[in-house]
Amino acid sequence: MLELFKNFLEKRRKVNKSIKKIDTISGLGIALSGGSARGYAHIGVLKALAENDIAPEIISGTSMGSLVGVLYAAGYHPNEIQSIVKEEPVLKMVRPAWNKNGLFQMTELRKLLKKYIEKDDFAALKKPFCLAVANINEGKNEIISEGSLIDYVLASCAVPVIFTPQVIYNTTYIDGGLYDNLPADAIREKCKTLIGVHVNYIGPMDKFDGITSIAERAFSLGIGENVKAAIEMCDFIIEPAEMQNYSFWDFDKSEKIIEVGYNYAKKMIEKGELNIN
């Protein structure tokens, strides 16, 4: 079983990538990782950056990182994104799927995106934005930066088994974290300085509280294999160790998770560890 898992990870490293490139060259870029509820930390990070007049000009994201990223690219201030999350909790955005492809569907999340995204088109966003999705028909990662926006955001958020996959142009897509949980390479050549925000702590852990925490740790370490190279290509990496205290499914703790991201980024700035020229 261990050997099969190792072979699976090796195949993911060698996977063929399909990348639709963004033409714009910007000064500062930011890549936002997947992480389900942990992804709320992205809001706090963006909030700390905004308070210090640090404004990313190009954004990439995976899963929850794509959801936060698209709202930021649409022109919403981090405080506004925090208000949206508070007013319309993700837990209320899912409904039973009643089919064999996933436990929940994302029809309500689609409605939320339609409410806050002015036009369903990447080109209509105020800042260049791209996201990672996993094409499970062909077994490869794809970086999307053009065309129908909402479908691909939902696809990037479609955690396998939990949420129903998104079928777009006869291709089945699931959570981009399968292959590319921190899509730094998607914008590395399009910005002079790149910040990576990784919310799935993969450093040492002392203890585990039951089977759920062990399963989440195993999942984080497995997905972590595809972020190592991405972390290396970032000029700055924001990776709060405190995120280990939160589950993928702690959607009811959004305010606390946002605060973790905010405090960590703020301390980095105060210590001169995030010196953006």
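This is a predicted model: local features need pLDDT of at least 70, side-chain atom pairs count only at pLDDT 80 or more; totals for chains, interfaces and linings use all residues.
Visitor: How should I read the burial of a helix, and which residues of H2 are buried?

Guide: A residue counts as buried when its relative accessible area is under 20%. In helix H2, residues 41–51, eight of the 11 residues are buried, so the helix is largely enclosed by the rest of the structure. The buried residues are Ala41, His42, Ile43, Gly44, Val45, Leu46, Ala48 and Leu49.

Visitor: What covers the buried residues of H2?

Guide: The cover includes strands S2 (26–32), S10 (191–197) and S11 (236–238). It also includes helices H3 (64–73), H4 (78–87) and H9 (254–270). Just after H2, Asp53 takes a positive phi of about 55 degrees.

Visitor: How many residues of strand S6 are buried?

Guide: For a strand, one looks at each face in turn. S6, residues 129–135, has seven of its seven residues buried. On one side lie Phe129, Leu131, Val133 and Asn135; on the other lie Cys130, Ala132 and Ala134.

Visitor: In which sense does S6 pair with S3, and in which sense with S7?

Guide: To read a pairing, one notes its sense and its bridges. Strand S3 (residues 58–62) and S6 pair in the parallel sense over four bridges, and Ile59 stands opposite Phe129. With strand S7 (residues 140–144), S6 pairs in the antiparallel sense over five bridges. There, Asn135 has Lys140 as its bridge partner. The hairpin of S6 and S7 has four residues between the strands, and Gly139 in this hairpin takes a positive phi near 65 degrees.

Visitor: Over how many bridges does S6 pair with S9?

Guide: S6 and strand S9 (residues 171–175) pair over three bridges, in the antiparallel sense. In this pairing, Val133 stands opposite Asp175.

Visitor: Where does UniProt place the feature "active site"?

Guide: A record can be read alongside the model. The unreviewed UniProt entry places this feature at Ser63 and Asp175. Although these residues are spread over 113 residues of sequence, they cluster in space, with a largest C-alpha distance of 5.9 Å. Ser63 is located in the loop between S3 and H3, whereas Asp175 belongs to strand S9.

Visitor: Is Ser63 buried or exposed, and what is in contact with it?

Guide: Ser63 has a relative accessible area of 4%, so it is buried. Leaving aside neighbours within four places in sequence, Ser63 is in contact with Gly34, Ser156, Cys157 and Asp175.

Visitor: Is Asp175 buried or exposed, and which residues does it touch?

Guide: Asp175 is buried, with a relative accessible area of 9%. Not counting residues up to four places away in sequence, Asp175 touches Thr62, Ser63, Ala134, Ala155, Ser156, Cys157, Ala158, Val159 and Pro160.

Visitor: What does the side chain of Asp175 make with the side chain of Ser63?

Guide: The two side chains make a polar contact, at 2.9 Å.

How values were computed
Residues are numbered from 1 along each chain as its sequence is written. Side-chain values use heavy atoms; hydrogens and water are left out. Buried means under 20% relative accessible area, exposed over 50%, partly exposed in between (1.4 Å probe, protein chains only). Helices (H or I, at least four residues) and strands (E, at least two) are DSSP runs, numbered from the N terminus. Contact means heavy atoms within 4.5 Å. Two strands pair if DSSP finds at least two bridges between them. UniProt positions are given in the numbering used here, feature names are shortened, and annotations may be inferred rather than shown by experiment. A polar contact is a pair of N or O atoms within 3.5 Å; within protein, one must be able to donate a hydrogen and the other to accept it, and residues adjacent in sequence count only if both atoms are side-chain atoms.
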